Amino acid sequence: MDEVSRVIYELRFENAFLKKRGSEFQDFFSEIMEKRHHGDFFRVKPWGNVGDKKNDGYLKSERILFQVYAPNELQAKEAIQKIDEDFNGALPHWTNYFDKWQFVHNARDGLGPDVVKKLLDLDQSHANISISPFGYEELRYKFFELHVNDIKSFMGAVPTKESLNHVKFDHFKELLTHIVLSRNTTTVDLRPVPANKLKINNFSEYIESLLRIGFSKTGLVRDFFAKWPDATFGDLVTHEINDEYKRLRDTGLSADRIFIELRSYVLGDRKLTPEMEMAALVTLSYFFEECDIFEREGSEQ
């Protein structure tokens with residue numbers, strides 16, 4: 001797996017983690033665990049009137065019982081109630097089988113203090129059972145322990161560094177023509193890109209890596225706009241992407257989340273190919289470089 005493939009898989013994993021909720025998230029978790037622990041992890045699904053008896057997955061060799069909770073928004077009161085119900089509800093059925101109980105959640109940035117306290121209180125009051133959370137980093141670690149063939153079968157093929165050499169005019173034509181919906185009057189900042197703009201926006205290392213890879217081919221986008229018959233087309237695309245960036249920024253999302261959402265916006269709902277994914281990356285890198293998206297001023301963290 002080369003550098004480009006690795007960071008694209010990082011992006012796909014994070015996007016899936018952020019988007020999946022409820023039973024979809026539980027299936028996402030279970031499939032990773034099944035691939036990582038062949039024949040050792042048991043996926044548990046509700047069964048008729050019996051339900052799942054408060055067991056969403058079981059790792060036999062480590063005697064771990066998992067309970068998965070992935071609402072649209074994790075609220076402290078509801079999460080605490082869910083922990084109480086599921087832990088205490090599991091005891092009558094599974095006490096002889098588990099020494100560890102893990103609360104699998106979809107809170108990307110971690111759990112709030114009240115929820116953490118609840119888990120610690122339960123852990124303290126049950127000397128024979130270890131109780132802990134299982135979130136983004138824990139699942140990400142399991143995912144990247146998978147064999148590359150399992151990762152590919154789960155997340156699909158991704159671009160490699162070589163894919164950059166196969167991005168052509170027609171890829172940008174397909175990507176960019178669907179973006180232009182209507183003219184608007186957005187004012188775009190056209191001053192030169194600050195040298196420290198990557199740091200100003202506080203991207204994760206893998207988003208920075210993606211942008212740096214994309215920077216190597218931004219001349220392709222520049223050439224595309226220069227060759228397009230309509231001289232105003234570049235401005236129209238710029239306005240649309242800039243407006244989408246501002247809409248996302250105003251929701252309070254982190255820079256990484258904005259990048260992920262902008263990537264989805266540029267790709268649209270078309271079938272992904274390595275070349276189209278790389279064209280989307282190069283496109284975002286171009287608009288970043290031109291200061292049409294993301295912040296150009298601020299304090300470095």
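Residues with under 20% relative accessible area are taken as buried, those over 50% as exposed, and those in between as partly exposed. The structure is a predicted model.

**Helix H12**

Helix H12 covers residues 255-267 and spans 18 Å from its first C-alpha to its last, close to the expected 18 Å. Ten of the 13 residues of H12 are buried, among them Ile258, Phe259, Glu261, Arg263 and Leu267. The buried residues of H12 pack against helices H1 (3-19), H7 (169-177), H9 (205-215), H11 (233-249) and H13 (274-289). Gly268 follows H12 and has a positive phi, near 65°.

**Salt bridges**

The structure holds 22 salt bridges.

| Pair | Closest N and O atoms |
|---|---|
| Glu261 and Lys19 | 2.6 Å |
| Arg263 and Glu277 | 2.2 Å |
| Asp27 and Arg43 | 3.4 Å |

Glu261 is buried at 17% relative accessible area, whereas Lys19 is partly exposed at 44%.

Arg263 forms a salt bridge with Glu277. Here the link runs from helix H12 to helix H13, the two residues being 14 apart. Arg263 is buried at 10% relative accessibility, and Glu277 is buried at 2%.

Asp27 forms a salt bridge with Arg43. Asp27 lies in helix H2 (residues 22-36) and Arg43 in strand S1 (residues 41-43), so the pair ties together parts 16 residues apart in sequence. Asp27 is partly exposed at 29%; Arg43, at 32%, is partly exposed.

Elsewhere, a network of salt bridges links Arg6, Glu10, Glu137 and Arg140.

Technical notes. Residues numbered from 1 in each chain as written. Predicted model: local features only at pLDDT ≥ 70, side-chain atom pairs only at ≥ 80, totals over all residues. Heavy atoms only, no water. Helix = DSSP H or I, 4+ residues; strand = E, 2+ residues; numbered from the N terminus. Expected span 1.5 Å × (residues − 1). Buried < 20%, exposed > 50% of the residue type's maximum accessible area, 1.4 Å probe, protein only. Contact = heavy atoms within 4.5 Å. Salt bridge = Lys/Arg side-chain N within 4 Å of Asp/Glu carboxyl O.
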